[in-house]
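Visitor: I'd like to learn how to read a structure like this. Could you walk me through it?

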Amino acid sequence: MGQQLVSQSVVLMVSIACYVIIAFPLFVMGQKTNSEHAWFAFVPILNLVLMVEIAGKELWWILLMFVPCVNIVAVIVIWMGIAEAMDKPSWLGILMLVPGINFIIPFYLAFG
């Protein structure tokens, strides 16, 4: 029982860390693009609204993110739009599919 609690705590801490690692650069990108609600980056589901807003897509794109298989394409297109909004090459959005690199790309877009 004790080991299970420890492992669940570790998984929770890693999940929170991963969320913050993505949310902080998204917050910075929201500020750089003069978004009214850059703080949406730290709120689940609302961060999708911020991503769509930065990418210049319409709000119905959020619905595509909840459709299995379609969400992969939608997220890539949205990250490509975010890259373009940050004056970077759009192909960087495709790199969001690569594990590990997907934690580096948001920082590059926000601070690069």
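Visitor: Where is the place of Val 73?

Guide: First, some ground rules: this is a predicted model, where local features need pLDDT of at least 70, side-chain atom pairs count only at pLDDT 80 or more, and totals for chains, interfaces and linings use all residues. Residues are numbered from 1 along each chain as its sequence is written, and side-chain values use heavy atoms, leaving out hydrogens and water. Helices are DSSP runs (H or I, at least four residues), strands likewise (E, at least two), numbered from the N terminus. Val 73 sits in helix H4, residues 70-85.

Visitor: Is Val 73 buried or exposed?

Guide: Buried means under 20% relative accessible area, exposed over 50%, and partly exposed in between (1.4 Å probe, protein chains only). Val 73 has 53%, so it counts as exposed.

Visitor: What about Ser 35, buried or exposed?

Guide: Ser 35 is buried, because its relative accessible area is 12%. Buried residues make up 33% of the 112 residues in the protein.

Visitor: Where is Ser 35 placed, and which residues is Ser 35 in contact with?

Guide: Contact means heavy atoms within 4.5 Å. Ser 35 lies in the loop between helix H1 (2-32) and helix H2 (46-55). Setting aside neighbours within four places in sequence, Ser 35 touches Gly 30, Leu 50 and Glu 53.
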